[in-house]
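Please review the model shown below together with its sequence. A report on its chains, their interface and the confidence of the prediction comes after it.

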Amino acid sequence: MNSKADRFFNSKSSFIIISLAPLLLFYTLFLVVPKITSFYYPFTEYDGISAPVRIGLRNFATIAKDADLWAAMKNNFFYWIIATPINFFAALIVAFLLVKKPYRESKFYRILYYFPAILPSVITALMWQFAFHGRYGIFNALLNALGMNVGEFYWLTNTTAVRWAMIIPMVWGGWAGNMLIFMGAIQSVPASLYESAELDGASDPQKLFLITVPVIWETMKTMIFFSIIGLFGAFEMILIMTNGGPAGATEVVGTYMYKIAFGAEGVAAFGYAAAIGLILFVILSVISIIAFRFMDRGEAIEMAG
Amino acid sequence: MAEAAYKDSGVVKRLEVRDVVIRVLLALWALAIILPLIWVVYTSLKTNQEFFMGAWQLPKSMQWNNYYRAWTQLGIGQSFVNTIILITGAMLLNTFIVGLGCYTLARFDFKGRDIIYWYIIGSYFITGLNTMVTGYILMRKLGLLNSLFGLIINYGAAPIVFNTLILNAFMKGQPKELEEAAYIDGASYWQTFWYLGIPLARPALLTINVFNFMGYYNNFIKPLLYIRDPEKYPLSVAIYSMAQAMTYRADWVTLFAGFVIMMIPTILIYSIFQNQIIQNLNIGALKG
């Protein structure tokens, strides 16, 4: 205990330094370095084998003319604009019902409804890929049983249908996280607010939109913020189910970038893929700042603080 | 009075009709979740001939053999072992890193503490796809590609920000008296950390590890990018590559058995740790 080394090891400042070292080291190496270098590689040409060559803004000039990329980005917005409101409002309404109308089965539903959200996305994607199979899938089997005569329609190979079909697994696996958050927020609304509204004869929709929504607005703002951040994020489902096809109908930026950087063609255009990443980052930052200005009317973005 | 009673009953009836509609809609959604899952389960017990007879065709006799084939021939067994090694290693590493670091961040006053805290939390808001490529380049430069060890190291770091948020908040909330008593009794900082800090933080450590488990288990893109050899695949990538290979092998029922096998750990974890999973989304994730 009395050796010099022991005393050093047991001093307060060494404890602080040694205990923080792994955290700072791992964090910096694996989470900060990729973010910093994502501002460097976009200005290079890099195939991953020879050293990266600085090429200035040439990648960005290519991006400006890359029609496939902008089409993919449009698809991201398409899915975001269709799926986000469904995921949001379905979650809000169901959360309100499950909290405020405690039916016997509500408790079971809360657990069941959330289950798809924790299912591995690989499983959700593969399951739906087969569910949409024209001949053997459960989706057509169900529609046919309900009298909608779809025959053997192949949802994932029709360039129009596939865009809409993909929304089903996105919602199936995507809305329940919001539901849980809304349930928590709704439970925190003081019961007295509802009681006085009931005395005034407020209906359930009135209670939801005039009492609950204003009280949980802060939570909703945060959720909107995260949904914007995730705008280009989750592309696994598409990668697995359609790989962006057929004929680019479901191509999103994620799958496009994936193909450019790691595609089977053997051209690993890391510099160009990184440049796309940087553009996305800029777009996301601009949208989130605008969204927050819009929602807050001038208040600073406390989230980012 | 009679009028009031009449009115009341009218209100009750109207509400009942609406309640019935609501309950039917909720039940339909429950069905929409259960039906595809049930379909996967009974398909996994069919023969391939029965598979080709359509989605409603139930198995005439249960083909448990499909599970055996999925485990051995499809290599689910091997990927299951890989997944266990991967997750165990990553959870231990992450708990060590975050547990030790947050203890100091939360329990000690020192110069630069707030800077370190915000340095870590700050990157939460710089997200996007921009690290998919640069993260890969980093892993290659470090020589960590195509190895479970490399993936463990990467996974150990991946949830640092989220876990620091949760653990730091939890550890800050604990009373100082016990620690002070320990120091007076002559305990070193290390002993106090190990015998007091860690046990007291057990609920929060459990919570972050439930989330770690699910994050690691579900992660698909990283192992897809970082692991090349099929015998090193964790379950998520293994099942994906099997599904692709089935285009040529057409042994669908065995693949479906693989789906079910991969769902089982999720179901187990969910039924055991429901409370951690459901509660934490309320407290941790969104208190901005």
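## Basis and confidence

This is a predicted model, in which local features need pLDDT of at least 70 and side-chain atom pairs count only at pLDDT 80 or more, while totals for chains, interfaces and linings use all residues. Residues are numbered from 1 along each chain as its sequence is written, with chains lettered from A and ligands numbered from 1 in the order in which they are written.

For the complex, the predictor gives an ipTM of 0.89 and a pTM of 0.90. The mean pLDDT (the predictor's confidence in each residue, from 0 to 100) of chain B is 88, and 90% of its residues score at least 70. Within chain B, confidence is highest in helix H7 (residues 148-157), at a mean of 97, and lowest in H1(B), at 79. Residues 1-7 of chain B stay under 50 in pLDDT and have zero contacts beyond four places in sequence. Residues 283-288 of chain B are also below 50, but this stretch has nine contacts beyond near neighbours in sequence. Two residues are in contact if their C-beta atoms, placed from the backbone, lie within 7 Å.

## Chain A

Chain A contains 16 helices and two strands; helices (H or I, at least four residues) and strands (E, at least two) are DSSP runs, numbered from the N terminus. Its radius of gyration is 25 Å, whereas a compact globule of 305 residues would have one near 19 Å. That radius is taken over C-alpha atoms, and the globule rule is 2.2 Å times the number of residues to the power 0.38. The C-alpha trace of chain A spans about 70 × 65 × 45 Å along its principal axes.

Of the contacts in chain A with a separation of 6 or more, 66% join residues 24 or more positions apart. Buried residues form 38% of the 305 residues in chain A. A residue is buried if 20 or more other C-beta atoms, placed from the backbone, lie within 10 Å of its own, exposed if 12 or fewer, and partly exposed in between. A:Val94, in helix H4 (residues 67-100) of chain A, counts as buried because it has 24 C-beta neighbours inside 10 Å.

## Interface between the chains

At the interface, 69 residues of chain A are in contact with 68 residues of chain B. On the chain B side, helix H14 (residues 252-283) gives the most, with ten residues. That side has 48 nonpolar, 19 polar and one charged residues. Here Ala, Val, Leu, Ile, Met, Phe, Trp, Tyr, Cys and Pro count as nonpolar, Asp, Glu, Lys and Arg as charged, and the others, Gly among them, as polar.

## Domains of chain B

Chain B is assigned domain 1 (2-65) and domain 2 (74-283), with bounds from an automatic or database domain assignment. Their centres, taken over C-alpha atoms, are 36 Å apart. Nine residues from domain 1 and seven residues from domain 2 form the contact.

## Helix H10 of chain B

In helix H10 (residues 189-200) of chain B, the buried residues are B:Tyr189, B:Thr192, B:Phe193 and B:Gly197. These residues lie on the same side of H10(B) because they cover an arc of only 100° around the axis, the arc being that of the directions from the helix axis to the C-beta atoms. The face turned away from the buried side of H10(B) carries the exposed residues B:Tyr195 and B:Pro199.

The cover over the buried residues of H10(B) includes helix H1 (4-10) and helix H2 (12-37) of chain A, together with helix H4 (76-107) and helix H9 (177-184) of chain B.
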